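Dear colleague,

I am passing on the structure we talked about, together with some notes on what turned up in it.

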Amino acid sequence: MMQKADLHIELMTEHTVSAVAAIAAACFSTPWSEGAYQRELTNPQAITFVALQKDTPVGFLNCGFLLDELTINALAVLPDYRRLGVASALLQALFEWMQGICSVCYLEVRESNLPARTLYESFGFQQNGYRARYYEDPPEPAILMIRSLEP
Ligand SMILES: CC(C)(COP(=O)(O)OP(=O)(O)OC[C@H]1O[C@@H](n2cnc3c(N)ncnc32)[C@H](O)[C@@H]1OP(=O)(O)O)[C@@H](O)C(=O)NCCC(=O)NCCS
């Protein structure tokens, strides 16, 4: 059983970028390549957190930001480590990091992705839009969500 004390969150580095790409490949139908995550390491407008369980990367959260607007691009946890609070710990770390830097957070999520929609709603995100033909593989509408980052 995973203990909370065994979990820690850190910024992605050269050492964890390939694990992040492997987690994305295990969790998404159209994952970014390892090269794309490698470029995020030097992108001043991006931030990627990694969740490690006893030094093993088990989840990550990637975002972009412009001025005071933050956009979550990807949040994923390996199937064997889900429902243990890993994604919640990643979101918590992001919101703490972004306090005083960004004032609003946006994201898109597949309409059928109830685990993610439930998670985001529990963190105070609200639906603010709908895009009928947004995703491919498989085609699916997107729910657009927004959350204030103001204290
Ligand atoms: C969505 C995802 C990131 C959640 O990760 P996780 O580490 O399991 O999430 P947490 O354990 O922090 O869950 C926190 C809360 O979210 C909700 N939640 C998470 N998974 C859920 C599920 N399968 N069904 C219903 N609610 C769920 C619950 O409210 C949960 O709290 P609880 O366990 O006390 O009931 C994970 O399922 C995943 O990687 N999915 C595939 C990739 C993906 O869809 N990413 C999101 C779009 S970018």
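Helices and strands here are DSSP runs, numbered from the N terminus, with at least four residues (H or I) for a helix and at least two (E) for a strand. With that naming, Leu67 is placed in the loop between β3 and β4. Please keep in mind throughout that this is a predicted model.

The sheet

Seven strands make up an open sheet with mixed pairing, and their order is β1-β2-β3-β4-β5-β7-β6. At the edges are β1 (7-11) and β6 (126-135), each of which pairs on one side only. Ignoring direction, neighbouring strands of this sheet are turned against each other by 25 degrees on average.

On one side, β3 and β4 run antiparallel and are joined by eight bridges, with Leu66 having Glu69 in β4 as its bridge partner. On the other, β4 and β5 run parallel and are joined by four bridges, and here Glu69 has Val104 in β5 as its bridge partner.

The hairpin of β3 and β4 has two residues between the strands. For context, most residues other than glycine have a negative phi, and most peptide bonds are trans.

The β6-β7 end

The pairing of β6 with β7 (residues 140-148) is antiparallel and extends over six bridges; Gln127 has Met145 in β7 as its bridge partner, while Tyr135 stands opposite Glu140 in β7. These two strands form a hairpin with four residues between them, and Asp137 in the turn has a positive phi of about 50 degrees. The peptide bond that leads from Asp137 to Pro138 is cis, with omega near -5 degrees, and Pro138 lies in the loop between β6 and β7.

How well covered is β6? The strand is hardly covered, since the count of buried residues among its 10 residues is zero. Within β7 you will find Pro141, which counts as partly exposed because it has 14 C-beta neighbours inside 10 Å. Once its neighbours within four places in sequence are left aside, the contacts of Pro141 include Glu111, Tyr130 and Arg131.

The helices

Which residues of helix α1 (residues 17-27) are buried? They are Val17, Val20, Ile23 and Ala24. These residues lie on the same side of α1 because they cover an arc of only 115 degrees around the axis. As a general point, an α-helix has 3.6 residues a turn, so residues three or four places apart point the same way. The buried residues of α1 pack against α2 (34-40), β2 (46-53), β3 (56-66) and β4 (69-77).

Helix α3 packs on the sheet, where it touches β1, β2, β3 and β4, and its direction makes about 35 degrees with that of β3. Helix α4 lies across β5 (104-110) and β7, running at about 160 degrees to β5.

The ligand

The ligand is surrounded by 20 residues, of which the closest are Arg82, Ala87, Ser88, Pro115 and Leu119. At least two residues of this shell come from each of β4, α3 (86-98) and α4 (114-122), and α4 gives the most, with six residues. Sorted by class, the shell around the ligand has 13 nonpolar, five polar and two charged residues.

With best wishes

Note on methods. Residues numbered from 1 in each chain as written. Predicted model: local features only at pLDDT ≥ 70, side-chain atom pairs only at ≥ 80, totals over all residues. Buried ≥ 20, exposed ≤ 12 C-beta atoms within 10 Å, placed from the backbone. Arc of directions from axis to C-beta. Contact = placed C-beta atoms within 7 Å. Near = placed C-beta within 6 Å. Nonpolar A, V, L, I, M, F, W, Y, C, P; charged D, E, K, R; others polar. Pairing = 2+ DSSP bridges. Axes fitted to C-alpha atoms, helices over the stretch in contact; angles between N-to-C directions.
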